[in-house]
Amino acid sequence: MGLLVSASTVQITFYTILVILGILGNTTVFVVVGKSVIMDRVGGRTSDIIIMNMVLSNLLVSLMRNLLIVISDMGVKMYSSKGWCRYLMVVWVWLRSVNVWSTLFLSAFHFRTLRRVVPTVACRGIPRTLLLSLVLIWFLNLIYSIPAYIFSTNGDINSTETLMLVSSTTRPLLGCVWKFPSRFHGLAYATASIVVNEVLPIMLMVFTSLGSFYTLYTYGRTQSLGKDAPLIKRVPAERRAAKVILALILLFIASWGTSVISVNYFNYNRGSSVEFLLVISRFSHIAFIAMSPVILAFSHRRMRAFIHSFLSH
């Protein structure tokens, strides 16, 4: 079922390793950073809360989708009823969409912080604007995932996908497939999904990341001219943060960009390279989830302290 080509033992093993790495890595980051947020008397650093939101979405995608793919690859026959398929497709689209916008929110928040003229004032608890923004990310993407309930159903053992969406699953996992009234309606929804949930967020990620570096460059020039400006004393730390966020964004763009190209080649072309590109899409889906905790492990102060303490024991 699904990929139109059987995955080899090497592919299954490598994919399983990436899924396990994603689950363990994101769990570790969530616990370590979450502990520092809880123990912080002023309610925790805002950036840490945003990182927790991003790794939580990574973890839920791994548990609710990627782990099921591993179990299916091991030969376990799993099929769902039409009702369960509808709910599962909603969950898959919802979590994948939240994952995209949570990553964008991290970059956008850092860009907004650097652009502030007035230095931030510490406050107790989670800022209301931050809490509202995170709630909106989860709620609006839940609304976006409603069509997955309407246009999905369960197939049988011989079912294959005739249309794929990056924001859901590129295979009839648990027998769940898309079912649109016509191929035109399916392609229209897929195109809208690409623009809203893939192309637009990636473009905004690039804009905010480059904007952060330009802002830091401007602060650096101001400092060299002997002028006083907000955040001057924090420029080295903010520059390091910008590099970490840019590394995450580049990893995300490489992962999702490859998947978008592969899936849309399947949807619109169906040429001779479709099988190879679907295999590439299979691994590019998991790359960001598996590798982003590694970047945070070497760049986040709390994570470095945790690793140092773990290795010293």
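1. A crossing of two helices is called left-handed if the near helix is turned anticlockwise from the far one by less than a right angle. Keep that in mind as you look at this predicted model, where the crossing of H1 and H2 is left-handed.

2. Let's stay with that pair for a moment. Helix H1 covers residues 9-39 and helix H2 covers residues 46-73; their axes come within 8 Å and cross at roughly 155°. Angles over 145 degrees count as roughly antiparallel, so H1 is roughly antiparallel to H2. Which kinds of residues make up the contact of H1 with H2? They divide into 18 nonpolar, nine polar and three charged.

3. Now step back to the whole protein. You can find nine helices and two strands in it. Read from the N terminus, the elements run α-α-α-α-α-β-β-α-α-α-α.

4. On burial and surface: the protein has 313 residues, and 49% of them are buried. The protein exposes about 15,900 Å², with carbon and sulfur atoms supplying 69% of that area. Among contacts with a separation of 6 or more, 84% are between residues 24 or more positions apart.

5. Is Val-196 buried, exposed or partly exposed? Its relative accessible area is 39%, so Val-196 is partly exposed. Leaving aside neighbours within four places in sequence, Val-196 is in contact with Trp-101 and Pro-201. Tyr-144 is 52 residues from Val-196 in sequence, and their C-alpha atoms are 9.8 Å apart in space.

Key
Residues numbered from 1 in each chain as written. Predicted model: local features only at pLDDT ≥ 70, side-chain atom pairs only at ≥ 80, totals over all residues. Heavy atoms only, no water. Axes fitted to C-alpha atoms, helices over the stretch in contact; angles between N-to-C directions. Helix = DSSP H or I, 4+ residues; strand = E, 2+ residues; numbered from the N terminus. Parallel < 35°, antiparallel > 145°, perpendicular 65-115°, else oblique. Nonpolar A, V, L, I, M, F, W, Y, C, P; charged D, E, K, R; others polar. Buried < 20%, exposed > 50% of the residue type's maximum accessible area, 1.4 Å probe, protein only. Contact = heavy atoms within 4.5 Å. Areas by Shrake-Rupley, 256 points an atom, 1.4 Å probe, with all protein chains shown as cover.
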